[in-house]
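Here are a few notes to read alongside the model.

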Amino acid sequence: MKNFIVILVGCTFLFLFIASPASAQSEAKALVDRECAKCHNTKRIYSANKDAAAWEKTVDRMIKKGAAIRPEEKDAVIKYLGTLNK
Ligand code: HEC
């Protein structure tokens, strides 16, 4: 019985460990698909070939234009965009 609980707890942590970065990514994707498509379509985003540093500049510029990305969401969005086109 004890072993079973140990395994169960271990699996739960393993699952959380595997699932959390993936869900941060999909949240960032949902945000990009929703907020960044308000002024132009996302083709412009998904066809761009930028690294994270270039995306940071672009995202800052878009925020100045009015993109509704909150400061605490910005890092996840930039990280997600940086993984595109690789
Ligand atoms: C308030 C309107 C608006 C929103 C919201 C917006 N954009 Fe833009 N975006 C523009 C305009 C206008 C241009 C063209 C002028 C320019 O490039 O500055 C543009 C151009 C771009 C370009 C092409 C130019 C370049 O630098 O490569 C990319 C890529 C881009 N946007 C990405 C994004 C992303 C990512 C988001 C979400 C974080 C976003 N945009 C949200 C208005 C917006």
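Predicted model: local features only at pLDDT ≥ 70, side-chain atom pairs only at ≥ 80, totals over all residues.

1. In H4, four residues are buried: Val77, Ile78, Tyr80 and Leu81. They sit on the same side of H4, because the arc they cover around the axis is only 160 degrees.

2. The length of H4 also checks out. This helix takes in residues 71–82, and its 12 residues should span 16 Å at 1.5 Å a residue; the end C-alpha atoms are 17 Å apart, which agrees.

3. Now to the helix that H4 meets. The buried residues of H3 pack against H4, and those residues are Trp55, Val59 and Met62. Seen down the axis of H3, they fall within an arc of 60 degrees, so they line one face of the helix.

4. As for length, the 14 residues of H3 should span 20 Å at 1.5 Å a residue, and the end C-alpha atoms are 20 Å apart, which agrees.

5. Ala54 deserves a look of its own. This residue is in helix H3, and Ala54 counts as partly exposed because it has 14 C-beta neighbours inside 10 Å, where a buried residue would need 20 or more. Although Ala54 and Leu81 are 27 residues apart in sequence, their C-alpha atoms are 9.8 Å apart in space.

6. Leaving out residues up to four places away in sequence, Trp55 touches Lys50, Ile78, Leu81 and Gly82.

7. Which residues make up the largest nonpolar core? There are 10 of them: Ala28, Val32, Cys36, Trp55, Val59, Met62, Val77, Ile78, Tyr80 and Leu81. H1, H3 and H4 are the elements that give two or more residues to this core, and the largest share, 4 residues, comes from H4. As general background, nonpolar side chains in soluble globular proteins tend to be buried together.

8. Stepping back to the whole chain, there are 4 helices and 0 strands, in the order α-α-α-α from the N terminus on. Of its 86 residues, 12% count as buried. Among contacts with a separation of 6 or more, 66% are between residues 24 or more positions apart.

9. Finally, the ligand. It has 18 residues around it, and Cys36, Cys39, Met62, Gly66 and Ala67 come nearest. Helix H1 (2–35), helix H2 (43–46) and helix H3 (52–65) are the elements that give two or more residues to this shell, with H3 giving the most, 5 residues. By class, the shell has 10 nonpolar, 3 polar and 5 charged residues.

10. Two of the names in the ligand's nearest group, Cys36 and Met62, also belong to the largest nonpolar core. Another member of that group, Gly66, comes just after H3 and takes a positive phi of about 130 degrees. Please have a look at the backbone there when you go through the model.

Technical notes: Residues numbered from 1 in each chain as written. Near = placed C-beta within 6 Å. Nonpolar A, V, L, I, M, F, W, Y, C, P; charged D, E, K, R; others polar. Expected span 1.5 Å × (residues − 1). Arc of directions from axis to C-beta. Contact = placed C-beta atoms within 7 Å. Core = buried A, V, L, I, M, F, W, Y, C linked by C-beta atoms within 7 Å.
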